[in-house]
Number of protein chains: 2
Amino acid sequence: MDLKRAGKRIGLVPTMGALHEGHLSLVRAARETCDVVAASIFVNPTQFGPTEDLDQYPRTFEQDLRALAELGVELLYHPPSEEIYPPGFSTFVVPPRVANDLEGQCRPGHFRGVATVVLKLFQILPADVAFLGRKDYQQCLVVKDMVRDLQVPIQIQICPTIREQDGLAMSSRNRYLQSRERSQALAISESLQEAMSDYQAGERDPTMLELRAKEKLAAAGIDHVDYVAVRCATTLEPLSRPDQPAVMLIAVKVGTTRLIDNQLLTAQD
Amino acid sequence: MDLKRAGKRIGLVPTMGALHEGHLSLVRAARETCDVVAASIFVNPTQFGPTEDLDQYPRTFEQDLRALAELGVELLYHPPSEEIYPPGFSTFVVPPRVANDLEGQCRPGHFRGVATVVLKLFQILPADVAFLGRKDYQQCLVVKDMVRDLQVPIQIQICPTIREQDGLAMSSRNRYLQSRERSQALAISESLQEAMSDYQAGERDPTMLELRAKEKLAAAGIDHVDYVAVRCATTLEPLSRPDQPAVMLIAVKVGTTRLIDNQLLTAQD
């Protein structure tokens with residue numbers, strides 16, 4: 001790649017389009033530290049399960065283009081599906097151990113698809129650094145551990161979750177929510193905030209923290225909970241010591257819309 | 001990588017050491033077309049099965065070093081096993097479809113190990129072209145298809161099998177052969193030569209070609225035959241038309257030593 005040869009620092013923001021402020025914050029972070037910013041828009045079929053929302057996944061390409069241009073993105077990669085998965089395609093990445101639980105249990109094959117397409121993007125667009133949003137916490141760890149294990153020459157920069165004013169984590173899927181569901185969904189970020197308060201007030205029992213969050217979700221009428229889990233922040237395994245860096249992760253369905261969110265639990269803000 | 005930045009063409013010869021003329025021919029091919037030649041020596045544990053010869057695999061590092069230096073290799077990568085597989089390592093490559101049969105059947109997990117380590121080497125040493133020997137025919141296809149599927153920015157150059165004067169394909173494992181086994185082993189390349197003659201004389205029936213080769217191996221006292229197979233030269237699937245490019249592949253054990261060889265079947269030499 002000539003840009004790389006010229007010594008330019010290239011930042012990559014991989015996305016599935018339907019861009020919101022969360023994505024744009026990644027582009028801004030890239031803009032701040034890189035000479036060249038590349039973005040990809042590719043709704044990756046291999047990370048969707050057979051009953052998931054691949055066909056319905058929002059596509060807002062014209063708007064996305066404008067937003068990226070306004071932020072001065074130099075390179076946009078928007079391949080057709082057959083370019084990424086041509087006939088005969090049959091090589092996959094078995095994602096690292098951190099992929100096995102949580103989303104890995106709820107969405108079998110999801111992280112295999114993620115790991116495979118992200119590795120391909122890192123081969124096609126040999127950036128120096130890729131920017132990912134912490135909202136997809138487990139995905140960030142999957143990509144980080146994959147890059148470490150396969151020694152892909154790229155740095156992974158994790159950026160903060162961007163939220164609506166009332167706290168709901170930004171997500172392309174939020175637009176599926178009907179008005180009542182939108183109110184219910186608020187219980188997700190509120191549960192995480194409460195867990196953080198409890199944690200800072202000294203509560204260290206994962207089961208207790210999980211229980212309170214589940215109660216709060218139930219009280220809001222969210223009855224489909226895939227998981228509420230307090231885990232080790234680096235391995236996502238159950239905590240083995242109460243002083244380990246911890247994260248609470250939540251996955252629920254509000255109506256037919258699946259939403260995830262998470263919060264690092266730290267003794268101080 | 002600064003060399004790449006400087007516009008140098010980098011050739012890579014990945015090996016497991018115990019170098020013989022086959023490996024050195026790859027280095028010479030790299031030397032001819034590249035500005036910089038890198039070689040790796042790594043006996044990759046993940047491509048050996050639990051009952052295979054990982055511990056016994058020949059290691060001749062001092063000799064290898066001298067041979068590579070004499071041929072002007074600029075870069076040698078010789079990592080300890082813990083550098084390639086540190087604690088926590090858990091990401092693997094599921095190799096492409098062409099890995100499934102033949103060696104894939106006889107050596108479960110072998111090509112997963114090969115694909116994973118080769119992908120890692122291609123990340124660590126971002127060469128423009130890698131040189132592989134056709135003696136490991138299926139391995140060449142596995143690497144080529146993986147590189148195509150994952151869009152790894154490297155070219156794969158397949159080089160001819162180098163043989164002893166009597167026809168035995170060079171292999172690091174030949175040194176295991178005792179004198180009587182060495183004579184028996186000759187039946188492998190002779191069977192392939194005979195298949196080629198028969199093919200050029202008009203024989204197109206895979207079963208007939210395989211049968212004759214098996215008879216020749218048996219006559220030489222080789223009673224452990226993993227496979228003798230005439231297959232499509234690009235997919236390794238059974239031939240669907242008699243005019244398809246074809247290859248005969250053989251894997252046997254001579255005594256305790258497993259040997260493989262192959263021959264493209266072409267109407268003309």
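## Domain arrangement

Domain bounds, as used here, come from an automatic or database domain assignment. In this predicted model, that assignment divides chain A into domain 1, spanning residues 8-159, and domain 2, spanning residues 172-265. Between the C-alpha centres of domain 1 of chain A and domain 2 of chain A there is a separation of 24 Å.

## The contact between the domains

To the contact between them, domain 1 of chain A contributes 13 residues, while domain 2 of chain A contributes twelve residues. On the side of domain 1 of chain A that touches domain 2 of chain A, α5 (103-106) and α7 (137-150) of chain A each supply at least two residues, and the largest share, three residues, comes from α7(A). By class, this side of domain 1 of chain A comprises eight nonpolar, two polar and three charged residues.

## Packing of α8 and α9

Two packed helices are described by the angle between their axes and the distance between the axes. For helix α8 (residues 179-200) of chain A and helix α9 (residues 206-219) of chain A, the axes come within 9 Å and cross at roughly 150 degrees. Because angles over 145 degrees count as roughly antiparallel, α8(A) and α9(A) are roughly antiparallel to each other. The crossing in which α8(A) passes α9(A) is right-handed.

From α8(A), the contact is made by Ala187(A), Glu190(A), Ser191(A), Glu194(A), Ala195(A), Asp198(A) and Tyr199(A), and from α9(A) by Leu209(A), Arg212(A), Ala213(A), Lys216(A) and Leu217(A). Sorted by class, the contact of α8(A) with α9(A) has six nonpolar, five charged and one polar residues.

Technical notes:
Residues are numbered from 1 along each chain as its sequence is written. Chains are lettered from A and ligands numbered from 1 in the order in which they are written. This is a predicted model: local features need pLDDT of at least 70, side-chain atom pairs count only at pLDDT 80 or more; totals for chains, interfaces and linings use all residues. Two residues are in contact if their C-beta atoms, placed from the backbone, lie within 7 Å. Helices (H or I, at least four residues) and strands (E, at least two) are DSSP runs, numbered from the N terminus. Ala, Val, Leu, Ile, Met, Phe, Trp, Tyr, Cys and Pro count as nonpolar, Asp, Glu, Lys and Arg as charged, and the others, Gly among them, as polar. Axes are lines fitted to C-alpha atoms, for helices over the stretch in contact, and angles run from 0 to 180 degrees between N-to-C directions. Angles under 35 degrees count as roughly parallel, over 145 as roughly antiparallel, 65 to 115 as roughly perpendicular and the rest as oblique. A crossing is left-handed if the near helix is turned anticlockwise from the far one by less than a right angle, and right-handed if clockwise.
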